[in-house]
Every structure is written in C-alpha cells, then in structure tokens.
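Subject: Structure for you, with notes

Hi,

Here is the structure I promised to pass on. Please open it next to this email; my notes follow below.

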Amino acid sequence: MLKKLCTVVILIITINVGSVKAAVFSDISLYAWAAEAIERLADARIMLGTGSQSFSPERPITRAEYIVTMMRIIGENNTSASDNFPDVPSDSYYYEAVGKAKAMGLVNGRDDGNFAPGEPVSRQDMFVMAGRTLEKTSRTLSAVTTAISFVDERDISDYAKPYISKLANYISGNDEGKINPREIATRAETAVFVDRLRPQFTDSPAPAPTAAPTVAPTIAPIESGTAILGKSAATLEQAKAWAANNGASQKYIDAAEIYWKYGDLTGIRPDVLYAQAAKETRYGNFGGRVTIEMNNWAGIKTADATGDEPGDHESFPTSDDGIRAHFNHVGAYIGIAPIGTPHARYHVVAAISWAGSIRFVEEFGGRWAPEISYGTSIVSGYLNDMVNFSVPQPPAPIDKSKKVVYLSPSNQYLNLYSWGMTNEGEQMIMLGDILKNELTSMGFNVVVANPSSTFEERAAEAVSCGAFCYVALHTNAANKSVTGTEIYYRQDSDESYNLASFLYGKVAPFTPSNDRGLKNGTAAKLLEIRLPNTPNCLIEIDFHDVAPMAQWLVEHKTEIAHLLAEGIAEYWSN
C-alpha cells in the first residue's frame, strides 16, 4: 500500500512540475507581433527576461546577450572556453558562452582584440552570427532562398550578404519591404528571428506561420508618453554621475554642461536629449559610422544622405555646435524656432508633414530611426536609469577613534563549492565569525552584517555604527579553471584603495594560485563598492569552482582571517 501511495504522489508531482510556465512579462503587451515568440523562448530558457516580470522588448540586444542566446539554442557541447577575449570578465554570466563561441569561430573580436560585450548588435550582424552558428554546427537550412529581394538591399554590407541570402526565408521586412540591416536589433526583433530559426537547431516543430516581422512594424500615433518639453527630471550632477557610472567618455560627461545650457535656452528637456545622445554614441565612446571627432551627438544625417556611411552624417566643428544642432533637430520635430543658423538637415525635417506635431519621446520611433521602438528604448534603456540614479556620496571623514570595523560576508548560498558539500555563503559567514574574534582580540569593535540584509541596508548600517572601514568577504567563480585572489576598491576614494592594498598585501601572497591584483570596483559597477559611504573594499579570495582551491579555502579560514585582521590593523594604524 505504501509503495502504491508513493507512486501516486510522485506522479502528481511530475504532472504539476510539467505544467509550470515561465513568468508572464508585463512589458510586452504593446508588442503583440513578438509576444508569442518571446514567451516560447522564455519557456525554453533560451532567451530570458531582464527582471522577474520584464523582458525589455524595446531595448537593444547586446553582443553578450545574443551570443548567450545562440549558445543556449545550440545546447550543451564540450568546447573549451579557456581562451577568451580580454574584456570578458571571468565572473560574468556570459564568460563561458562567449569563450565557447570564440573557440567555435562563431564570433570575432574587434580590431583591438576585445569582444565589446555591452555593445548593441546590428541587425545584419544578428543574421551573420546566426548563419555562422548554423555552419559551425553542421545544420542545413530548409527551403533556402538565394536571392535577396529587400528594398534596402544596397545597405547590406558585403560580408553579411551571403548569410542574409541563406536566411532570407527567416527574415521579414517592415511594411516598406526594408530590413534595416545597419540599425540596432531590439530584444523583441531578436526574439522573433531566433524563434523562427530555432527549429533548425532542435527537433521541435516550427512555430505556426504568422505575419510577425523581424523588423518592428509601424505603430499608431500615441496620446501620452514622455514629454520632450519641460523641466529636466534629472539634475546635471545626477546626469554626469550616471554617465560616469556607465563607462562614458570624458567628452560625453563634459557635454552634459552644454546640454543643460541649451535646455534652459529652448525649454526642451536636456535629460531627454542627453539620454538620446548616450544611445546614439554609446555614452560618447562612438565606434560606429559617426566618430568622436565629428561632434555629432545624435546621429544627424546630411541633407542629401543616401545611406549610412560616415559621409552621410553631419560633422560639426565643436561639441557645442553639435549639441545645438541636436536641440534644433528636435525643435523641428516639436515645432519651435531654431537657435542660430540650423544645419542643413533641419530644413528637410521641417518640411515633413508631421513636423511640429511631435510631443513625446516615444514618437521618435519610425521617424528619427526606422525602429518603432527607438523612442521607447531611449526612455526605458537610458532616461529612466538616469532619473533614478543615486549620486554616490563622497566618502565620509574617517573616525578611527571608535575602532569600528564592518564586515559584510557573502550570503550567496547557491554558489556551490566544488569540494566539501558547502557553499560561498556558508564559508564566508564562518570566515566573518573567525575574523570578528581575531579583530576583537586586537581591541577592535566589530559589526557583522545580518546574512538576510540587503547591500543598501549594509551600507547604511556601516555608516550608522561609525565604521572606519567596510570589508566585503567573497570567494570567486568563473569557468572552473581560473584561479587567484583579487580585491576591488572604490575609484574616487584613496582610502578605499589603501584599505584594499593592505589586505591584498597580506592575503594574496598566502593563496596558492596566481594573484589577480587590485581592481576598480566602480568600473565593475559593484554595489558593495558604490553604496558604502566609508572606506571599503570587496575581496574575492580565490575561486571556489576549482576543487583544489575550494578545499584550500575550506581548510584555511583561520589563517585567512588572521591575515585579514593584520591587514585591517595596519590600515587603521597607518
């Protein structure tokens, strides 16, 4: 009887688990043409959301995201990821996927040898990488079409034409018959294309034929949205700090002053245009058809442009001239007079039937750029982040008199060690307890973070208790082959760098593997570096996904704690 009962229970559990679907995304209701593809890929764990209920369909897909998607659609393989690009962090979620893609010849680096994981993917590169993936995995396309018959065929780069020709049956143009090969692919467009191509990699049936384009279709005029005219929702200081936090060039950061100047003169929101410039220029790092020397912050084309080459875009003598042109160009959209002599393209736009009628940023889509989601992507991918960005406060004056040390052990219990049936959270909490005892015996007052507290709560607690230093304790993981200890510091704090240096000088020589050095935690966008308003550092003590290192970490917590205590004491007395 018991055996039968167990069988029934197991059967019920199996049925229930099999019926679970991926979370419903709340931001795809306006993307009916892509919704089914998005949900299918999410259910198959091929293309995931950007949050628990968000997919960000209008956001450009990055090179890292697309390669991860391609590798997921291929499935497991034994390719090694050890030889990776220098700008792919070993602890990034895309490290293994990019490394394997490189080894398989699916992706090439830039001229400087880097991969540029955060850069957006052009539509033609999306097709090229998909075509290479099919070739390298020995897949053959069914019903291959060899002739390219898109209206904008001439805009397709030579290197992309063979792949687009082979994939033509899987690519749909917009209502004008264009595929906009050099424009940036959105996550929604990518989902539709990948969903169509997926049956070539699996035994699953192809999705039912639909009219869903692989280029976003035209949308109807909107009645509400993000206002172009009005007061900036972000401060100048906030905009500059947001830009710096996103790896912006100094020229882009400096340009904020000019944007706010022309915002005052025109009544156009400077935060909106500054966000658009971030999208158009990759935060002032450029890298596309428009170069930094052209001072063209908005991708403005010449009056007689016929393509998307450098010569089809305006050049301006100075940043001020280029930003003034940006405001004038938007002025043509919304119907306000230009400042000074406008650029030639201004008159072209001003003569269009809808000129002067645009009120919302979202209406830029299909006008400023072919993608209907262009304006929405400015708001969700850039502007909202800027407006909600918290300006990091300068480190508070150090009060070493109370001798208070704040320890923040990792609570990442899901990061399993490759030896010892344990995990990062468990081991770091134990290390924190040992370190607390060491420091207490040396006369320090030690506060250890509650394991369930957030980074924001930990940062606030460190300040409230008057800590003279904040030390985050972690172990690392990557691809089960990388080893070494590294410590992150806060870029704008000499004291943070000094603290990291003292701890690194003690612990790194003791670890059995190669040292990985001191690293800029601000550039790495680590919350435990940005949030605490006291000298801080984050230590990654070797790699727990390498079995010998995991065993060493488990067996040497006492020695590690002693060395960290010595480093903290020397920093305090320095």
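In which hand of crossing does α9 pass α11? The crossing is right-handed. (A crossing is right-handed if the near helix is turned clockwise from the far one by less than a right angle, and left-handed if anticlockwise.)

First, the ground rules. This is a predicted model, in which local features need pLDDT of at least 70 and side-chain atom pairs count only at pLDDT 80 or more, while totals for chains, interfaces and linings use all residues. Residues are numbered from 1 along each chain as its sequence is written, and side-chain values use heavy atoms, with hydrogens and water left out.

**Overview**

The chain has 19 helices and 6 strands. (These are DSSP runs, numbered from the N terminus: H or I of at least four residues for helices, E of at least two for strands.) Of the 574 residues in the chain, 51% are buried. (Buried means under 20% relative accessible area, exposed over 50%, partly exposed in between, with a 1.4 Å probe and protein chains only.) Among contacts with a separation of 6 or more, 73% join residues 24 or more positions apart. (Contact means heavy atoms within 4.5 Å.)

**Two helix pairs**

Two packed helices are described by the angle between their axes and the distance between the axes. (Axes are lines fitted to C-alpha atoms, for helices over the stretch in contact; angles run from 0 to 180 degrees between N-to-C directions.)

Back to α9 (residues 250–266) and α11. They pack at about 45 degrees, with axes 10 Å apart. The two are therefore oblique to each other. (Under 35 degrees counts as roughly parallel, over 145 as roughly antiparallel, 65 to 115 as roughly perpendicular, and the rest as oblique.) Residues of α9 in the contact include Ile258, Tyr259 and Tyr262. On the α11 side, Ile323, Arg324 and Phe327 are among them. By class, this contact of α9 with α11 has 6 nonpolar, 4 polar and 4 charged residues. (Ala, Val, Leu, Ile, Met, Phe, Trp, Tyr, Cys and Pro count as nonpolar, Asp, Glu, Lys and Arg as charged, and the others, Gly among them, as polar.)

The other pair is α5 (residues 123–136) and α7 (residues 187–197). Their angle is about 25 degrees, and their axes lie 12 Å apart. They are therefore roughly parallel to each other. Arg123, Met126, Phe127, Ala130 and Leu134 of α5 meet Glu189, Thr190, Phe193 and Leu197 of α7. That contact of α5 with α7 divides into 6 nonpolar, 1 polar and 2 charged residues.

**Single residues**

- Ser408 sits in strand β1 (residues 404–409). Ser408 is buried, at 0% relative accessible area. Its side chain makes a polar contact with the side chain of Glu528 at 2.6 Å. (That is a pair of N or O atoms within 3.5 Å; within protein, one must be able to donate a hydrogen and the other to accept it, and residues adjacent in sequence count only if both atoms are side-chain atoms.)
- Lys403 lies in the loop between α13 (374–387) and β1. Lys403 has a positive phi of about 55 degrees, although it is not a glycine. Lys403 is buried, at 19%.
- Asn295 is in the loop between α10 and α11. Asn295 also has a positive phi of about 55 degrees without being a glycine. Asn295 is buried, at 5%.
- Gly311 is in the loop between α10 (270–281) and α11 (319–334). Gly311 is exposed, at 66%.

Best wishes
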